[in-house]
Amino acid sequence: MKIKLAKIKEKMGHLLGHAILMFIALIAIVPLIWALSTSIQPSHAVFGQGIGLIPTEFRFENYLDILNAAPFGTYLINTIIVVTFTVIMQLLVIIPAAYAFAKLEFFGRDVLFFIFIAQMLLPLQAIVVPNYDVMRVLGLINTRTAMVLPFIASGYGTFLIRQQFKQIPESLIESARIDGAGHFTILKHVMIPLSKPIITAFSLISIVIHWNDYFWPLIITETPSVRTLAIGLGMFVQQESGADWTLLMAGTMFIVMPLLIFFIFNQRIFIESLMIKSGMKE
Amino acid sequence: MKKGIVFCLSILLLSALVFLSPVGAQEDQVLLNFYYPVGVAGPLASVVDEMVNEFNETHPNITVQPVYSGDYDDTMQRVQTGVMGGNPPDIAVVEISEAHSLLQMNATIPLTEFIEQEEGDFLEPFFDAFLANGNLYGEQWTIPFQRSTPVFYYNKDHFAEKADELLAAGLDPERAPDTWDELVAYAEVLTDREANRWGLIIPGGWNDWIFEAFAYQNNGQLINREGTEAYFTDEAVLEAAQFWYDLAHKYEVMPKEVRTWAGSPTDFAGEAASMLYNSTGALPPILNTANFEVGVAFMPQNKTYGAAVGGGDFHVFKDIPEANQAAAWEFIKFMTNPENAASWSVESGYVAVREDAYEVPVLAEHVENQPARAVARDQLEYAYPKMSAVGYQQIRQILTDILDEVMEGDMEAETAMNDAQNRIQAILDRH
């Protein structure tokens, strides 16, 4: 009898836990559903009385209007190119940098590291003019390269990964070195495999930031052929008149969906990499 | 080790290939970069692109590259970045209050010479109120393009619904309030707490612009034309601020939490309020979304009718070749000719910048079908330049913050205006 009661208690606990989780999930998903629902309604139907979460009238042409208003297909491809290269280049730069800052001894290391991460303190707006100037001198205005280049040496990423690398015991590196491993081999076989969660986490953050970045791409690009999704969406946010909410939400869906689908399909990988308990033994 | 380096290099090479971008235009052509903001709803970026295409087709020696640059603030930042970074645009449409700032940066050229070269009086057809902001130190620096004023919107169905009560209060349910006093009287009747409906909304965000209209209606002014002196503690301005405070906190006919500028047409169309101050630019979205008859009227007067104009003007930039400046002038002439001014007004909801555009059939018919379109134009008779000074964005930020506090009741009107006077005068003195 006692055992049964305990079991029931445990089950109730589970149920309660799930109820709370579902409630939180609901809070997270309602805005998305609302946006979706707004995006498929005619604009006059959205602003009647009531919440209007469930559409009674449909207008899927909103999506066509969006596609006609700006070349969203091109924007999507550009965004994917820019984000992919930003993340790849970032990882190529910051992982070795983090390794050097964490594990190598060289003159001025700490000062250099301090300068390196000091860039975290500068908001983009503060360095937009010098960055613009550099891009102009390099002849890179209105290119996708210009949207990638300023972000490659990420102070934030270097800091994050360096802290992780510092945790990895010196003895592991020593034994790899005894086996004849060079720096790159150590990185590849010791440091990176043991730091997967943090690297994945940084990549995710970086993908989301650069997917949604608006200000810098707006400043540095000129023609639709190189511009990104966020700029396209900006066309529907209006300062002087009310926004055209149905179109705005259709545009929002266009921006959110690719990323959402990407996350859903790779969910397992992300969660796994974040769950791995770094089972390090000396 | 080697493998790693080879891998890195190949990635670099690959990225270089991917990023190679197309370069346009032939050599004997003048290539113009044209930055423009989009301020009102609708696919206006593609409308601008179409107009530019037409220009490019009819002017074989000039190629204009339209560059959508976000909203007004984004566009100004983009222009400033370009100017400071040694790569100014050739032409830009910039918010009218920024003229002083661009002048101080020595970024633009006056257009007076171009204007004088034209036959007849080139500026004559343009509405005077629209030219004023670009007329500084005896020169014309800008040509108006996308221009608006605030107007007064009201829900005719609500007026009809409350007709008996309005009549009982001695008010005509067939028209909009004509004076500040009437505004209060109408709003008190129309505010319906059971239906959760406010009599009136004065939105935030650009409330500095609406407030300037109230100052003009009271024969006052916020900042002088030269951008050197602020008048927030003048009786006329103080009274306007007190009136705003009272609307929300004495008569309680306006929401006590400030509604956003972009959200307020939605509030109005969604019948959360019966009357609204907003830009003419909000007319198309309101007509599209409202399920009731929309009325548009002059903003109520106190001592006089009054409005401050708004919107964006063409500027031509300084550190570009002379040929580009001449070509830019051609482009501006094209964009503001009567036919284009008319069709731009129809597509965008902006007021056409010149009187003769209203004789062009497409706009004449449009105004006939939607008489509301004529209200902003007619109100221009009482319209004045918008306040403008160096550091305008900063001034605007201070003023909107302070006005928000007045509307939310966090600050008494007089304290708020003293505060505005001190802080804004300090900015004016600095330049």
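Let's start at one bridge. In strand E9 of chain B, B:Asn278 is the bridge partner of B:Val151. Strands here are DSSP runs of E, at least two residues, and helices are runs of H or I, at least four residues, both numbered from the N terminus.

A word on the source: this is a predicted model, where local features need pLDDT of at least 70, side-chain atom pairs count only at pLDDT 80 or more, and totals for chains, interfaces and linings use all residues. Residues are numbered from 1 along each chain as its sequence is written, chains are lettered from A and ligands numbered from 1 in the order in which they are written, and side-chain values use heavy atoms, with hydrogens and water left out.

Back to the strands. E7, residues 150–155, and E9, residues 273–279, both of chain B, run antiparallel and are joined by five bridges. Two strands pair if DSSP finds at least two bridges between them.

Now the whole sheet. It is open, has four strands in chain B, and its order is E8-E9-E7-E10, with mixed pairing. At the edges sit E8 (198–201) and E10 (294–297) of chain B, each pairing on one side only. On average, neighbouring strands are turned by 20° against each other, direction ignored.

Next, a helix. H17 of chain B, residues 372–379, lies across E7 and E10 of chain B, at about 145° to E7(B). Axes are lines fitted to C-alpha atoms, for helices over the stretch in contact, and angles run from 0 to 180 degrees between N-to-C directions. Contact means heavy atoms within 4.5 Å.

What about aromatic pairs? Over all chains, the structure holds 41 of them. Rings of Phe, Tyr and Trp (its six-membered ring) pair if their centres lie within 6.5 Å; planes under 30 degrees apart are stacked, over 60 edge-to-face, the rest tilted. B:Phe152 and B:Tyr277 are edge-to-face, 5.2 Å centre to centre, with 80° between the planes. B:Phe152 lies in E7 of chain B and B:Tyr277 in E9 of chain B, so the pair ties together parts 125 residues apart in sequence.

B:Trp344 and B:Tyr350 are stacked: 6.1 Å centre to centre, 25° between the planes. B:Trp344 and B:Tyr350 are buried too. They belong to one aromatic cluster, whose members include B:Phe34 and B:Phe331.

Conventions: Buried < 20%, exposed > 50% of the residue type's maximum accessible area, 1.4 Å probe, protein only.
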